[in-house]
Amino acid sequence: MGRPMRIRIRDFQSIEDIEMSIDGFTVVVGRSNIGKSAIVRAIDGALTNLAGDSFVRVGAHHTEVEIDCPEIQLCWKKGGGFNDYVINGESFESVGRGAPPVIGDAGFREVEV
């Protein structure tokens, strides 16, 4: 099995700064209203370039989400004038709407159920 996926989320909704590893089937559990869903929204936001900036943590300037896995290494910075990615070492500044195609090329696509 490959190396685990590492996720770091800063200043997204209720999350100030967390880092976690995902290795195979991973479950996030905890009491209500502590940020479990915010983790999922932050990861989704980074993979889709979530529109707007209302998700930036109150008092923070911008949010950053890092995803590091065998398929892709990305850092998404949004809010406070930022709409940027660094993907596999390449900078994408002011990307506009939607995420850079390299994210889909790495196998991350919207799932319809």
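Six strands make up an open sheet, ordered β2-β1-β3-β4-β5-β6, with antiparallel pairing. At the edges stand β2 and β6 (90-92), each with a single partner strand, so one side of each has no neighbour in the sheet. From one strand to the next, the twist averages 10°. Strands (E, at least two residues) and helices (H or I, at least four) are DSSP runs numbered from the N terminus, and two strands count as paired if DSSP finds at least two bridges between them. In general, strands of a sheet pair through backbone hydrogen bonds, either parallel or antiparallel.

The model is predicted: local features require pLDDT of at least 70 and side-chain atom pairs count only at pLDDT 80 or more, while totals for chains, interfaces and linings use all residues. Residues are numbered from 1 along each chain as its sequence is written, and side-chain values use heavy atoms, leaving out hydrogens and water.

At one end of the strand order, β1 and β2 run antiparallel and are joined by seven bridges. Within this pair, R10 stands opposite D17 in β2.

Helix α1 lies across β1, β2, β3, β4 and β5 and runs at about 100° to β1. For such angles, axes are lines fitted to C-alpha atoms, for helices over the stretch in contact, and the angles run from 0 to 180 degrees between N-to-C directions. The helix covers residues 36-48, and its 13 residues reach 19 Å from the first C-alpha to the last, close to the 18 Å expected at 1.5 Å a residue. That expected span is 1.5 Å times one less than the number of residues.

The buried residues of α1 are A38, I39, A42, I43, G45, A46 and L47. Here buried means under 20% relative accessible area, exposed over 50%, and partly exposed in between, using a 1.4 Å probe and protein chains only. The cover over these buried residues includes the strands β1 (5-12), β2 (15-22), β3 (63-68), β4 (73-79) and β5 (82-87), together with helix α2 (101-105).

Just after α1, N49 adopts a positive phi of about 60°. This residue belongs to the loop between α1 and β3. N49 counts as buried because its relative accessible area is 5%. Its side chain makes a polar contact of 3.2 Å with the side chain of K78 and also reaches the backbone oxygen of G98 at 2.9 Å. A polar contact is a pair of N or O atoms within 3.5 Å; within protein, one atom must be able to donate a hydrogen and the other to accept it, and residues adjacent in sequence count only if both atoms are side-chain atoms. Leaving aside residues up to four places away in sequence, N49 touches W76, K78, N83, Y85, V95, G96, R97, G98 and A99, where contact means heavy atoms within 4.5 Å.

T63 is placed in strand β3. With a relative accessible area of 0%, T63 is buried. The T63 side chain reaches the backbone oxygen of R10 at 2.8 Å. Beyond residues up to four places away in sequence, the contacts of T63 are R10, D11, F12, F55, V56, W76, K77 and K78.

In one of them, R3 pairs with D68, the closest N and O atoms being 3.1 Å apart. R3 lies in the segment before β1 and D68 in strand β3, so this pair ties together parts that are 65 residues apart in sequence. R3 is partly exposed, at 42% relative accessibility.

Because E66 lies in strand β3 and R6 in strand β1, the pair connects parts 60 residues apart in sequence. E66 is buried at 18% relative accessibility, whereas R6 is partly exposed at 24%. Another salt bridge brings E64 and R10 together at 2.8 Å, N to O. E64 lies in strand β3 and R10 in strand β1, so these two residues tie together parts that are 54 residues apart in sequence. Both partners count as buried, E64 at 16% relative accessibility and R10 at 17%. Through shared partners, salt bridges join R6, R10, E19, E64 and E66 into one network.

Definitions and conventions: A salt bridge is a side-chain nitrogen of Lys or Arg within 4 Å of a carboxyl oxygen of Asp or Glu.
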